[in-house]
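Dear colleague,

I am passing on the structure we spoke about, and below it you will find an account of what came out of the analysis. Please read the notes with the model open beside them.

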Amino acid sequence: MDASRSTDRIIETSLIALLVFTPLARGTVQVWAISVAHFITLVMLTAYVFRVIFDAQFRWVRTPLDLPLIALFLLAAVSSFSSVEWYSSLVALIKLANCIIVYFIIVNTIKQRDQVRRVAYTITIVGSFMALFGMIKYLGGISPPWWDFDVEYNAMVATFGCKNHLAGYMEMAIPITIGLLIGIRKGWAKALCGFALVSLCIALTLSLSRGGWMSGLFALALMLIIYLFKTKGKYSAVMATAVAVTTVVVLTILASTPVVEKLGTLTHGQDMPNWQSRTAVWAGAIDLICDHPFLGTGPGTFAVAFTPYRPAGVNARFLHAHNDFLHFISETGILTVGIMLWLVGAVFWSGIRKIRATKSRLTLGITLGSLTGILAITIHSVADFNLHTMANAILLTVLAGLLMARISPYPSPSPLGQIRTPHSALRTIVAIAILLFFATGSYYLYRMFMGDYYIAQAKEIEKGKDWNTAIPAYQKAIEYALANPEYHLFFGEFYLMFAKTARDRAIKKMLLQKAWREIEEAKKGSPKDARTYLALAQTSEAMSRLKSPLTQSSSLQAQANPTKSENSTEQYYQTAVSLYPNNTQYRYLLARYYKRAGRLQEALRQLETMITLNPGTVGYVRRNPFNDIPGIEKAVDNGLWQALDNRFTHNNAASILASRLAEKQKWLDAASVYKQAMPKGVFADRTGYYLRMGQYLLRGGEKKEAEDYFFRAIIIAPDRHSVIRSLMTNYKRAAKSDEIFVLFEKLKERHPEVIELDLYWAQVLYEQKDYEGAMTHLQLFLKSKETAEADYWMAMTCERLKKTYKAETYIKRAIKWEPQNALYRHFFAGLLYNAWRFTEALKEADAAVRASHNKNPWYLDRKAWILYRMKHYDESIEVWKSATGLKPGHKAFRRNIDMAAKAAKEA
């Protein structure tokens with residue numbers, strides 16, 4: 001019995017360690033963290049097997065999930081035999097085995113109420129820590145370097161790298177916390193659980209995950225309904241308190257601007273492109289399933305297998321299907337559908353039966369919390385890939401184990417049978433076998449850990465361009481994980497990059513041969529990876545430029561004939577494109593290869609397809625090496641017109657095509673095309689769109705329609721100054737400066753609250769030398785609002801009207817508003833210079849030069865003139881020389897230097 005207690009302690013400690021480690025290790029998605037999680041499970045499994053062998057009282061507990069879990073593992077194992085990348089399938093199979101082992105261990109060892117409480121408390125405490133830590137990070141607090149990693153979201157992520165995965169964790173932790181509130185009696189424990197519940201709700205809300213919000217709220221609503229039916233109002237106060245606290249917290253946090261804006265996307269479509277891309281990926285995943293219906297492509301192979309099915313116009317590389325169910329089916333076949341339904345049905349049927357039968361508050365709370373958490377993550381996984389984050393997968397497994405564990409008299413799973421204790425000699429043999437199994441598993445996990453450590457080290461060294469130091473790190477990584485094809489690909493790409501920097505021909509050739517060998521190894525392990533064929537094509541192309549074969553062992557590079565080498569390069573490029581047809585980079589590189597080979601028509605076809613897939617690549621086409629190909633402009637236009645038919649590229653294509661039409665002065669055609677790019681959503685910024693539409697229409701002669709767009713831009717603009725300034729520029733470029741006054745008058749009449757009009761009206765009048773009119777409008781503006789810009793323009797206007805004293809007063813006020821503004825200082829220096837107040841002028845000129853960081857030749861010129869008038873000839877010469885250095889072609893500066901030198905000589 002002592003051995004049984006010891007193994008129980010090891011198992012429980014390992015389980016708690018797993019629950020603590022996996023979320024804190026950035027969700028356990030990196031290889032090193034996964035290897036540590038596997039090691040913890042290995043320790044748990046070893047202790048469990050020792051208990052099975054040496055505990056005479058041990059009984060195996062049978063649950064409704066046993067058969068579907070075993071069937072799922074067997075199906076995944078069989079699918080691995082036909083996998084398109086066996087190493088990835090092996091890794092995925094081990095992850096699945098890890099979760100299944102954890103489930104069976106929990107069901108067979110976590111039976112006592114204290115054990116259940118400790119596990120539930122662990123989930124609550126870890127979730128609360130992440131919530132509090134996430135709030136500190138979210139509010140700009142300092143976080144340890146371990147968790148100080150870049151993320152792409154303006155949302156809370158805590159220790160995770162993805163907001164949706166944090167939401168997935170929280171939507172499972174919240175029901176367990178509520179379950180503890182139901183099951184515990186101590187007041188201090190209830191208070192702590194209440195505080196934890198508030199923290200978890202804040203974290204879920206600030207994650208800004210719409211999937212997390214909807215799945216969590218739906219599951220909690222169902223939890224409340226089940227609880228009320230079960231208790232018939234007996235403990236409704238507890239649940240009502242929990243729901244009230246949750247509601248208040250959520251509503252309070254929802255008042256924040258980011259959350260309100262995110263809620264707006266639910267109904268107003270700001271994130272519709274993101275949703276459309278997901279549905280398109282789901283359609284691609286269904287096509288993948290149709291092509292591999294029975295056994296799928298193999299566990300863990302979605303990222304490689306999906307590339308031929310990636311939707312056109314969606315430019316991200318999808319490692320997951322953003323739907324865990326479609327993801328699993330695509331990898332293991334349609335039989336997975338039946339197993340999934342079996343699992344879901346068994347979970348909910350068993351959970352409901354257990355809730356109905358139990359009379360224990362703790363059993364009720366934990367069972368109800370586990371069932372609700374499983375429901376929440378199941379719903380969320382329809383639109384995300386939470387179950388591919390190991391922290392969430394482990395937590396789901398623990399919830400399933402708690403749901404099925406024997407923590408109450410009913411329902412009591414029937415024992416399969418008692419395992420007999422072996423004889424003492426056999427015990428020794430079994431113990432040695434177990435220890436050997438543990439040592440072997442630990443050794444391979446150590447190699448897995450060290451391989452990831454060295455590959456991360458190599459990539460970090462590579463960033464610093466320390467090529468020779470990076471090589472041993474890559475070699476160590478491959479030594480520890482020889483079968484990992486991705487490491488070979490990384491090493492081959494490194495050699496290829498290294499070869500590009502090498503100047504010696506022999507060294508370049510050696511590096512390319514090394515690159516070839518590593519990439520060939522990667523191809524053996526992953527024959528369907530488009531990246532591998534692209535790297536082979538680039539290596540082959542680089543070697544063919546050296547007029548030398550890569551290796552005599554390659555099937556495609558067996559001969560030194562340059563023609564065959566060229567054909568091999570083309571075959572590799574074409575294979576890469578066929579495996580990843582909608583990748584614009586692959587199309588670009590193939591087009592560049594065709595261009596170098598003189599096959600211009602084929603290059604044009606690839607470029608046209610590339611632009612159709614991503615109109616933003618027009619910039620690459622219009623630069624070298626393609627800008628001089630005959631017919632390139634027609635190919636670009638064709639690609640853009642075709643891109644208009646794709647919902648993912650439509651807006652971008654319309655914007656670029658409109659710009660190209662505007663370059664050809666086809667203004668109305670540009671407006672017609674650009675009109676299709678109307679931004680949608682309540683929170684979309686339409687200001688730029690309205691300005692650009694107005695510009696096209698104005699230049700095309702549609703003055704009235706242009707004015708309507710300009711009106712809209714000014715009214716909705718958060719920064720009216722920049723909009724009106726842009727509007728003035730549009731009228732000047734259209735050579736219709738006089739007509740801008742008509743627009744200003746109409747706008748002033750309709751929207752007198754836009755006081756900025758007077759300021760810019762004055763600027764236009766000033767440029768037309770109507771200084772009296774400019775002053776009138778500036779005075780109107782300054783009555784409502786005083787700004788540095790208005791004071792500056794008033795100063796210039798007064799200076800033109802020979803009101804020097806007033807000009808000085810206004811420019812001083814402008815400088816008071818913005819003391820570091822170089823333009824204001826420069827003008828004031830000129831004003832003082834004209835008044836022969838050279839000492840004061842020099843001070844202001846110095847300030848202008850400093851504010852411009854000595855980068856403006858005209859500021860230097862003014863300072864030099866002041867020095868010249870003060871008869872500081874040598875200093876003025878030095879300043880003019882500095883101005884000449886900034887503007888060498890300006891002859892006046894050289895004449896001034898000669899003039900100052902002559903004056904210095906005469907003095």
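**Salt bridges**

A salt bridge joins the side chains of Glu520 and Lys523, with an N to O distance of 3.7 Å. Please keep in mind throughout that this is a predicted model. Glu520 and Lys523 sit 3 residues apart in helix H20 (residues 505-525), so about one helical turn separates them, and both Glu520 and Lys523 are buried.

In total, the count comes to 22 salt bridges, and two further pairs can be described in some detail. The side chains of Glu808 and Arg837 meet at 2.9 Å, N to O, and this pair links distant parts of the chain, with Glu808 in helix H36 (residues 804-817) and Arg837, 29 residues apart from it, in the loop between helix H37 (822-834) and helix H38 (838-851). Glu808 has a relative accessible area of 12% and is therefore buried, whereas Arg837, with a value of 28%, is partly exposed.

The other pair is Asp846 and Lys863, whose side chains form a salt bridge of 2.6 Å, N to O; here too distant parts of the chain are linked, since Asp846 belongs to helix H38 and Lys863 to helix H39 (residues 857-869), 17 residues apart. Which of these two partners counts as buried? Lys863 does, at 17% relative accessibility, because buried means under 20%, while Asp846, with a relative accessible area of 22%, is partly exposed. Salt bridges also link Glu633, Asp637, Arg660 and Lys664 in a network.

**Pocket and cavity**

The second largest pocket has a volume of about 690 Å³. Its lining is made of 26 residues, of which Ile94, Gly441, Tyr444, Leu445 and Met448 are the closest to the pocket centre. Helix H2 (31-54), helix H4 (86-109), helix H17 (424-463) and helix H18 (467-480) are the elements that each give two or more residues to this lining, and the largest share, 9 residues, comes from H4. By residue class, the lining of the second largest pocket divides into 19 nonpolar, 5 polar and 2 charged residues.

A search of the whole structure for cavities of 30 Å³ or more finds 1, and the largest cavity has a volume of about 40 Å³. Among the residues that line the largest cavity are Arg317, Lys528, Asp529, Arg531, Tyr580 and Tyr586, and its lining divides into 5 nonpolar, 1 polar and 4 charged residues. Helix H12 (302-305) and helix H21 (530-545) each supply at least two residues of that lining.

Val78, Phe81, Phe294, Leu295, Ile334, Val337 and Leu341 make a nonpolar surface patch of about 730 Å², to which helix H3 (66-81) and helix H14 (335-357) each supply at least two residues. Phe81, which is placed in helix H3, is exposed, with a relative accessible area of 76%.

With best wishes

Technical notes:
Residues numbered from 1 in each chain as written. Predicted model: local features only at pLDDT ≥ 70, side-chain atom pairs only at ≥ 80, totals over all residues. Heavy atoms only, no water. 1 Å grid on protein atoms, 1.4 Å probe; cavity = no way out; pocket = protein on both sides within 12 Å on 5 of 7 lines; lining within 4 Å. Points joined across faces, edges and corners; volume = space filled by probe spheres on them. Helix = DSSP H or I, 4+ residues; strand = E, 2+ residues; numbered from the N terminus. Nonpolar A, V, L, I, M, F, W, Y, C, P; charged D, E, K, R; others polar. Patch = residues over 30% accessible without salt bridge, like charges linked within 9 Å, V, L, I, M, F, W, Y side chains within 5 Å. Areas by Shrake-Rupley, 256 points an atom, 1.4 Å probe, with all protein chains shown as cover. Salt bridge = Lys/Arg side-chain N within 4 Å of Asp/Glu carboxyl O. Buried < 20%, exposed > 50% of the residue type's maximum accessible area, 1.4 Å probe, protein only.
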